[in-house]
Amino acid sequence: MSEPRRRIPRTDRLLADPRLAGAADRLGRDLVKAAVTRAQDRARAGEIAPEEVAGAAVAELPPAAVSLTPVINATGVIVHTNLGRAPLSAAAVDALTAAAGNCDVEFDLASGTRSRKRGQGAIDALLAAVPGAEAAGAVNNNAAALVLAATALARDSEIVISRGELIEIGDRFRLPDLLESTGARLREVGTTNRTTAADYSAAITDRTAFILKVHPSNYRIEGFTAQASVRELAALGVPVVHDIGSGLLAPHPLLPDEPDAATSLRDGARLVTASGDKLLGGPQAGLLLGEAALVARLLRHPLARALRVDKLTLAALEATLTGPPAPVARALAVTPETLLSRAERIVAALAARSVPARAVRADGAVGGGGAPGVTLPGAAVAVAEALAGPLRTGDPSVTGRIEKGELLLDLRSVDPADDDCLVSAVLGVSA
Ligand SMILES: *Cc1c(COP(=O)(O)O)cnc(C)c1O
């Protein structure tokens, strides 16, 4: 063994370093030991000097005891499924923290007895946001909401659905398979591109439990097309369940083709289901909104217990609904001019350190969460394509998108508070 190698401090000595001992209290001994081992390995490989091992181990420590890495989403896709969909608002994060310990989620502090109002704050917030709904509920995600609706309402009977709406959401999750797994039968009507109210009407029998209308949230059928409106379907005399997908609670001026809960209920849908972590901008959840008797039937079904949300989801959902606009809403609303001036500021900061970059116009997107085909004109910082990998694995991690041989860091999906982090991330990998 060469002399420097013999001088690499031993693990027990390193773990006694006050900085690392303190980290072990916070992160657990295993994570700190792993950081120590990596630093020792680097010294053995001659990358760092033996005296630098303790400092390197401290630098290697993860910020939290979790293997998930925070990412700056510079893809331009606001609701990016692979990056955790909607980033939570500061208000929602505070609510998570407030609920993280013991809290009165099922307890009445005045009487000191069990409360039956589990999740009432989130439900009240949903009802305030959608006054047209008689009742509301929340389950684990929209897929759970659909399973619950199919199980509670259509087991051993039929769901009438258009062939144009038999969708795959992603990662091989196919809605028809999910629905049939409950024991409900699907009665497919119409064709891929055209389904009329008369097609539905002809399929309705005494075995029909409900009509399911599904928003094709990740593709569009264009050309020779027809689909029946909620209003037309509601006139057919069987309940209409509308899976609106993205979770818009009211119409959005920038997304005129995106269905919303308020309009759907006004048009006669008896139950609306949606995701909490797409355009609503909240935690993963499945929202149920509609007729009181129907919502109650779902929530009283034994399966509901297996799909229920925890206190953390309830807390984050309530704060998303009652707090200031969530990051998703803000990202949607920001103007191309604002994005361009942010891009120019970042480019100037990079140029000051001799890192080549250009401010360019770029089109962002809502994402798998909704509004297929809608482009959101904005701006990006274009840098060398070769930076893509180092930026992804850097600290902070940044994910952009590659277009025409350049890496675009699209600011549509970046929180303005992260612009300076973006600059330092690029500087960090441009050395
Ligand atoms: C995203 C989506 C789902 C699945 O929602 P999850 O909350 O991810 O379970 C179901 N239906 C539609 C139309 C969707 O867009």
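Start with the shell around the ligand: its residues divide into five nonpolar, six polar and three charged (Ala, Val, Leu, Ile, Met, Phe, Trp, Tyr, Cys and Pro count as nonpolar, Asp, Glu, Lys and Arg as charged, and the others, Gly among them, as polar). Before going further, note that this is a predicted model, where local features need pLDDT of at least 70 and side-chain atom pairs count only at pLDDT 80 or more, while totals for chains, interfaces and linings use all residues. Residues are numbered from 1 along each chain as its sequence is written, and side-chain values use heavy atoms, with hydrogens and water left out.

Now select the ligand and its surroundings. There are 14 residues around the ligand, and the closest are Ala 143, Ser 217, Asp 243, Ser 275 and Lys 278 (near means a heavy atom within 4 Å).

Next, show side chains for the polar contacts (pairs of N or O atoms within 3.5 Å). Asp 243 puts a polar side-chain atom 2.6 Å from a ligand nitrogen. On Lys 278, a side-chain N or O atom sits 2.7 Å from an oxygen atom of the ligand. Asn 141 has a polar side-chain atom 3.5 Å from a ligand oxygen. The ligand alone exposes 380 Å², and the protein buries 95% of that (accessible areas by the Shrake-Rupley method with a 1.4 Å probe). Colour α8 (142–154) and β10 (240–245): these are the elements that give two or more residues to the shell (DSSP runs numbered from the N terminus, helices being H or I of at least four residues and strands E of at least two).

Time for some backbone. Which residue does a cis peptide bond join to Asp 395? Pick Pro 396; omega is about 0 degrees. Pro 396 is in the loop between α17 (388–393) and β15 (397–399).

Then jump to Ser 354, in the loop between α16 (336–351) and β13 (358–365). Ser 354 isn't a glycine, yet its phi is positive, near 60 degrees. Is Ser 354 buried or exposed? Ser 354 is exposed, with a relative accessible area of 66% (buried means under 20%, exposed over 50%, partly exposed in between, using a 1.4 Å probe and protein chains only).

Last stop: Ala 371, in the loop between β13 and β14 (375–384). Ala 371 also has a positive phi, about 50 degrees, without being a glycine. With a relative accessible area of 7%, Ala 371 is buried.

Key:
A polar contact is a pair of N or O atoms within 3.5 Å; within protein, one must be able to donate a hydrogen and the other to accept it, and residues adjacent in sequence count only if both atoms are side-chain atoms.
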